[in-house]
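Reader: Hey, can you walk me through this one? I'd like the fold first, then the rings.

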Amino acid sequence: AFHRHMAKVRSLQLSYYTTSTSHIDNPKKASCKLESATGRLLQLPVYPTTSCQLPGRSNVFEITDPVYTNMFESILYKPQPWCFGHVVVEEEENESSASS
């Protein structure tokens, strides 16, 4: 029963994140684009947290906010490279943006 349920969940996720009719601009494109002339990353999704992460480290985030869950699902269903920005915000800033 559990495996059937999870197969239905995965099927629903695939239909949402891989169709061009979803709210994602284009699910076939990579999650961000490098502008070679300036070196800027365009359309970079940003994830705000209250902790600093060091380059080259692997960490596990528990993401419960639906906006960011959707953001990461959207990234992971696109071709690699999977890119996102990590921004450190003050504790009260993070809480106030979550409530608005």
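Reader: So what does the secondary structure come to?
Author: The chain has 3 helices and 4 strands, in the order α-β-β-β-α-β-α from the N terminus. Helices (H or I, at least four residues) and strands (E, at least two) are DSSP runs, numbered from the N terminus. This is a predicted model, where local features need pLDDT of at least 70, side-chain atom pairs count only at pLDDT 80 or more, and totals for chains, interfaces and linings use all residues. Residues are numbered from 1 along each chain as its sequence is written, and side-chain values use heavy atoms, with hydrogens and water left out.

Reader: OK, rings now. How many aromatic pairs does the structure hold?
Author: There are 4 aromatic pairs; rings of Phe, Tyr and Trp (its six-membered ring) pair if their centres lie within 6.5 Å, with planes under 30 degrees apart stacked, over 60 edge-to-face and the rest tilted. One of them is Tyr47 with Tyr68, edge-to-face at 5.4 Å centre to centre and 85° between the planes. Tyr47 sits in strand E3 (residues 46–49) and Tyr68 in helix H2 (residues 66–76), 21 residues apart.

Reader: Is Tyr47 buried or exposed?
Author: Tyr47 is buried at 9% relative accessibility, while Tyr68 is partly exposed at 21%. Buried means under 20% relative accessible area, exposed over 50%, partly exposed in between (1.4 Å probe, protein chains only).

Reader: And which residues form the aromatic cluster?
Author: Tyr47, Phe61, Tyr68, Phe72 and Phe84.
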